[in-house]
Amino acid sequence: MSTFLGMPAARGGSAPDAAAPDTLAGVGRPDDPLHWGASFPDAARTALANQQLRRNLGNATSTIRAKRARVVGEVPDWEELRDAGSALKADVLARLPELLEQLERNVTARGGVVHWARDAAEANRIVADLVRAKGTDEVVKVKSMATQEIGLNEALAEDGIAAVETDLAELIVQLADDMPSHILVPAIHRNRTEIRDIFLERMGDAPPDLTDVPRELAMAARAHLRRKFLSAKVAISGANFAVADTGTLAVVESEGNGRMCLTLPETLITVMGIEKLVPTFDDLEVFLQLLPRSSTGERMNPYTSMWTGVTPGDGPQEFHLVLLDNGRTTVLADEAGRSALHCIRCSACLNVCPVYERVGGHAYGSVYPGPIGAILTPQLTGEKSDLPYASTLCGACYEVCPVKIDIPSILVELRAREVELGGAAPDTSDRVWQAAMKAASFAMADGDRFRRAARVPRVLRAISRHGVIRRLPFPGSLWTRSRDLPEPPRQTFHDWWERRARQARQEDER
Amino acid sequence: MRIALAATCIADAMFPQAPRAVVTLLERLGHEVVFPPAQACCGQMHVNTGYLADAVPVVRNHVRTFAPVADGEWDAVVVPSGSCTGSIRHQQRMVLERAGLDQEARAATAVAERTYELSELLVDVLGVTDVGAWFPHRVTYHPTCHSLRMLGVGDKPERLLRAVDGLELVPLEQAEGCCGFGGTFSLKNADTSAAMLQDKVGHVVGTGAEVLTAGDWSCLMHIGGGLSRGGTGVRPMHLAEILVSTREAPVVPGERQEVAR
Ligand code: SF4
C-alpha cells in the first residue's frame with residue numbers, strides 16, 4: 001500500500017551507474033516463504049557488510065519513523081484508540097468461529113462465494129482452479145501478505161498462470177525475482193538506480209531512455225500496468241479487514257492500483273487470513289485511524305476500497321473469498337502468543353526496530369520480517385527458529401504497535417519454547433547454553449554460592465592491561481571481538497559490605 | 001527510611017562502585033541502607049534467554065531475600081538498574097506462576113510493588129531531585145531501553161543530573177536508540193549487536209562529553225566497552241556514581257574507586 005521508489009544511491013559511494021547487473025537479481029523465490037535462507041545471525045552478518053543496504057534502510061526507516069511520530073502526536077486520544085484496537089482484536093479472537101460463520105453467511109447472501117483453506121497448498125489449489133475455470137492465464141494482483149505467505153504466484157506459475165503484481169514496490173520485487181524485505185515497502189532494500197535497471201532489463205516495455213527520477217519510474221510502471229489492468233479478467237487481492245456483520249471486505253492502499261484490480265476485472269478472488277475480521281462496520285472507524293498513521297505516517301488513507309459481495313452492473317460480477325488458516329488456529333490456541341494475530345500489518349514495528357533497521361528484512365528468512373515476523377513466523381510454522389532471539393527486547397515495537405501487541409513478552413515466551421524444543425533435540429550450541437544456564441542458575445540461587453562465584457572474574461585481572469581486557473578466548477571472544485571488557489574489581493560488593501559491617505561492629509565494641 | 005539494596009549481580013561482581021555509591025548517597029540523604037546478604041540475582045538473564053525453569057530457583061531466592069519489605073521491615077527496595085527493576089516488576093511473578101508456585105508469585109508481586117529503580121526512589125519516593133552533588137564535568141545521558149520503556153522513568157535521571165552542581169548535561173543524538181546489548185543478544189547476534197554499538201558510540205563521541213552515564217551498568221559495560229575499544233577516552237559511569245560525588249569527596253571520572261584489600 002505504498003509508493004516507495006527507493007532511496008537515492010549513497011552519496012560518496014558508488015556512482016549512479018555502477019549498479020552491477022548481477023546485483024539486480026534478487027534472492028530468488030524460496031520453496032517455503034516462511035522459512036528460507038541462512039540462519040538469522042549469518043544472514044544478518046552478510047546484510048551488515050552491505051553498506052549501501054544499511055544506508056538505504058537507515059534513511060528510509062528514519063524518515064518514516066519521524067513522519068509517524070509527527071502524525072501520531074497530533075491525535076489526542078491515540079492511547080485510547082490503541083486500547084480500542086487491541087480490545088476489538090481480542091474480542092474477535094475470542095469469538096472467531098462464530099464471527100467467521102457470520103461473515104460467510106453475509107458474503108454468501110450478497111452474492112459472494114466463500115472457500116475455506118486449511119493451509120497454503122489448499123488455498124493455492126482453490127485459487128488456481130478458480131482462475132482456470134475462467135479460461136485465462138494472466139491475473140492482476142493487489143499487494144497482499146497472505147498470498148506472499150502461501151507462495152501463490154509460484155503455485156499459479158506451475159499451473160501456467162502468470163500473476164502480475166500491481167503494487168509498484170511489489171512489482172519491482174517480482175521483476176527482480178526477489179523476496180519482499182518489508183511488509184509495507186517490499187522493495188525498501190532497493191535504491192532508485194537499481195529500480196531503473198530492473199525496469200530496463202525486465203519489464204519488457206520500459207522506455208529505453210528511462211532515468212532514475214522517481215516520477216519517470218512511476219510513469220514507466222504506470223504505462224506497463226495500465227495495459228495489464230485493461231486486459232485482465234481476474235484479479236487477486238488480500239484484505240485488510242472483513243466486516244462480519246455486513247460481509248464487507250476492505251483493502252487499504254496508497255497508489256490506486258489496488259482499486260484498479262478491485263473494480264476492473266470480471267472476477268475477484270480475495271485471499272484473507274482468518275484473523276482479519278472485525279465484528280461490525282463501525283469498528284472500521286478505529287482501524288482506519290490507527291492504520292494509516294502507523295504505517296505510512298499519513299493522516300488518512302488515500303485509497304480505501306470496500307465491497308460487499310457482488311453489485312450487479314458495478315465492479316466484478318463474481319467474487320470469491322478464500323479464508324486462510326495456515327497455522328493461525330494453532331497460534332490462536334496458544335494463550336501466550338495469540339495476540340500476534342491482532343496484527344494489522346502496519347509495519348510500524350519494523351520501522352522502529354533497531355535490529356531490522358540494520359539488517360533488513362531478508363535476514364529474517366520469512367515474508368514476515370522484523371519484530372512481528374520474529375513472533376509470527378515461528379508460531380505459524382511451529383518449527384525451531386532463531387528468530388525469537390533476533391531482538392534486544394528494547395521494547396520500541398511494543399511502544400508503537402497500534403494494537404498493543406506486547407512483542408517483547410511474546411519473544412521471551414517463544415524463547416522459552418525454543419529452549420524446550422532445544423531440550424528435546426539439542427545441537428552443540430543448545431548444549432553449551434544449557435550447561436551455562438544450569439551452572440549460572442546454581443550459582444545465582446543462593447547468596448553464599450553467589451558471593452564465591454562473584455569473585456571468579458577477578459582471575460581476569462591477570463590478563464588486563466591499563467584497566468581493560470582486549471581479548472578473551474571463545475566464547476568470550478564474541479564479546480571482545482568488538483568491545484573491551486573492563487578489569488574486574490579487586491573486591492565484590494558482597495565482600496565490601498561485609499568488611500564494612502565488620503569494621504562497624506569492631507568500632508562499636510571499642 | 002530503611003531501604004534495602006538489591007545490588008544486582010553484574011554490579012556486585014563487576015561494578016561494585018555503583019552499589020557502593022548508592023549506599024553512600026542514601027546515607028548522606030539521611031536514610032538507613034540494608035544489604036541482605038542472601039541476595040544474588042533477579043533472574044533476568046535466565047528469563048530473557050528463555051530458561052524459565054532455571055530461572056525459578058534464582059527468582060525464588062530473590063523473592064525470599066526481599067520478602068521482609070512486604071512485612072514492613074524495610075520501607076523500600078532500591079535497585080541501581082532499570083532492567084533488573086523491570087524484571088522484578090514484570091517477569092518474576094510470571095516465572096513463578098508458570099512453575100505453579102502461586103503463593104510465591106503473590107509474594108513476588110508484593111516485593112515488586114515496593115521495589116524502585118534508583119531515580120524512581122529518589123524522585124518519586126524520597127521526593128528529591130537535588131541530592132547535593134558536585135560533578136564539574138561534561139556529561140551525556142543514555143536512557144537505557146528498559147528504564148525508558150519498561151519502567152517509564154521518563155526524565156527523572158535527567159532532572160537529577162541537571163540539579164548536580166557544576167555538571168554540564170549535553171543531549172545525546174538518537175538517545176532512545178538501543179545500544180545493542182540485549183543481554184545474551186550480544187553473544188547470540190554478536191555482529192548485529194556490534195553494528196548497533198558502533199552507532200551508539202558515534203553519537204556519544206559526537207556530544208564531546210567526558211562522561212557517559214546511564215542507570216544500568218549492563219548497557220554501560222557494553223557502550224563503555226565500545227568507547228574503550230575505540231580509544232575515545234569517554235568514561236562510562238553509573239548515575240549513582242555521579243550523584244555521590246561532592247566537593248568534599250569528589251569522584252574523578254576514569255579513576256576506579258578501588259577499595260584496598
Ligand atoms: S505487530 Fe503491531 S506494529 Fe507490527 S506490523 Fe503488526 S500491528 Fe503494526
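Helices H8(A) and H9(A) are oblique to each other, because an angle of about 60° separates them and falls in neither the roughly parallel nor the roughly perpendicular range. In this predicted model, H8 spans residues 168–175 of chain A and H9 spans residues 192–202 of chain A, with their axes 10 Å apart. The crossing of this pair is left-handed. On the H8(A) side the contact involves A:Leu168, A:Ile172 and A:Leu175, which meet A:Ile195, A:Ile198, A:Phe199 and A:Arg202 of H9(A). By class, 6 residues of this contact are nonpolar, none is polar and 1 is charged.

Chain A also holds an open sheet of 4 strands, in the order S8-S5-S6-S9 and with mixed pairing. Its edges are formed by strand S8 (277–278) and strand S9 (303–308) of chain A, each of which pairs on one side only. Strands S5 (residues 241–243) and S6 (residues 248–253) of chain A pair in the antiparallel sense, over 3 bridges. Within this pairing, A:Ala242 of chain A stands opposite A:Leu249 in S6(A). Helix H12 (residues 284–295) of chain A lies across S5, S6, S8 and S9 of chain A, and runs at about 170° to S5(A).

Two backbone details in the loops of chain A deserve a look of their own. Most residues other than glycine have a negative phi, and most peptide bonds are trans. Against that background, the peptide bond from A:Phe474 to A:Pro475 is cis, with omega near 0°. A:Pro475 has its place in the loop between strand S11 (468–469) and helix H21 (477–480) of chain A. The other detail concerns A:Leu393, a residue other than glycine with a positive phi, near 60°. A:Leu393 is found in the loop between helix H16 (370–381) and helix H17 (396–400) of chain A.

The surroundings of the ligand come next. There are 13 residues around the ligand, and those that come nearest are A:Cys343, A:Cys346, A:Ser347, A:Cys349 and A:Cys401. The shell divides into 11 nonpolar residues, 1 polar residue and 1 charged residue.

Turning to chain B, an open sheet of 4 strands has the order S2-S1-S3-S4, with parallel pairing. Strands S2 (32–34) and S4 (115–117) of chain B stand at the edges, and each has a single partner strand, so one side of each is left without a neighbour in the sheet. On average, neighbouring strands of this sheet are turned by 35° against each other, direction ignored. Strands of a sheet pair through backbone hydrogen bonds, either parallel or antiparallel. Strand S1 (residues 2–5) and strand S3 (residues 76–79) of chain B pair in the parallel sense over 3 bridges, and S1(B) pairs with S2(B), likewise in the parallel sense, over 3 bridges. B:Ile3 takes part in both pairings: its bridge partner in S3(B) is B:Ala76, while its bridge partner in S2(B) is B:Val33. For B:Leu5, the bridge partner in S3(B) is B:Val78.

Two helix pairs of chain B complete the picture. The axes of helix H4 (residues 52–66) and helix H7 (residues 102–113) of chain B come within 9 Å and cross at roughly 60°; H4(B) and H7(B) are therefore oblique to each other. H4(B) passes H7(B) in a left-handed crossing. From H4(B), the contact draws on B:Arg60, B:Val63 and B:Phe66, and from H7(B) on B:Glu104, B:Ala107, B:Ala108 and B:Val111. These residues divide into 5 nonpolar, no polar and 2 charged.

In the other pair, helix H12 (residues 190–206) and helix H13 (residues 217–229) of chain B have axes that come within 9 Å and cross at roughly 70°. H12(B) and H13(B) are therefore roughly perpendicular to each other. H12(B) brings B:Ser193, B:Leu197, B:Lys200, B:Val201, B:Val204 and B:Val205 to the contact, and H13(B) brings B:His222, B:Ile223, B:Gly226 and B:Leu227. By class, this contact has 6 nonpolar, 3 polar and 1 charged residues.

How values were computed:
Residues are numbered from 1 along each chain as its sequence is written. Chains are lettered from A and ligands numbered from 1 in the order in which they are written. This is a predicted model: local features need pLDDT of at least 70, side-chain atom pairs count only at pLDDT 80 or more; totals for chains, interfaces and linings use all residues. Side-chain values use heavy atoms; hydrogens and water are left out. Two strands pair if DSSP finds at least two bridges between them. Axes are lines fitted to C-alpha atoms, for helices over the stretch in contact, and angles run from 0 to 180 degrees between N-to-C directions. Angles under 35 degrees count as roughly parallel, over 145 as roughly antiparallel, 65 to 115 as roughly perpendicular and the rest as oblique. A crossing is left-handed if the near helix is turned anticlockwise from the far one by less than a right angle, and right-handed if clockwise. Contact means heavy atoms within 4.5 Å. Ala, Val, Leu, Ile, Met, Phe, Trp, Tyr, Cys and Pro count as nonpolar, Asp, Glu, Lys and Arg as charged, and the others, Gly among them, as polar. A residue is near a molecule or strand if one of its heavy atoms lies within 4 Å of it.
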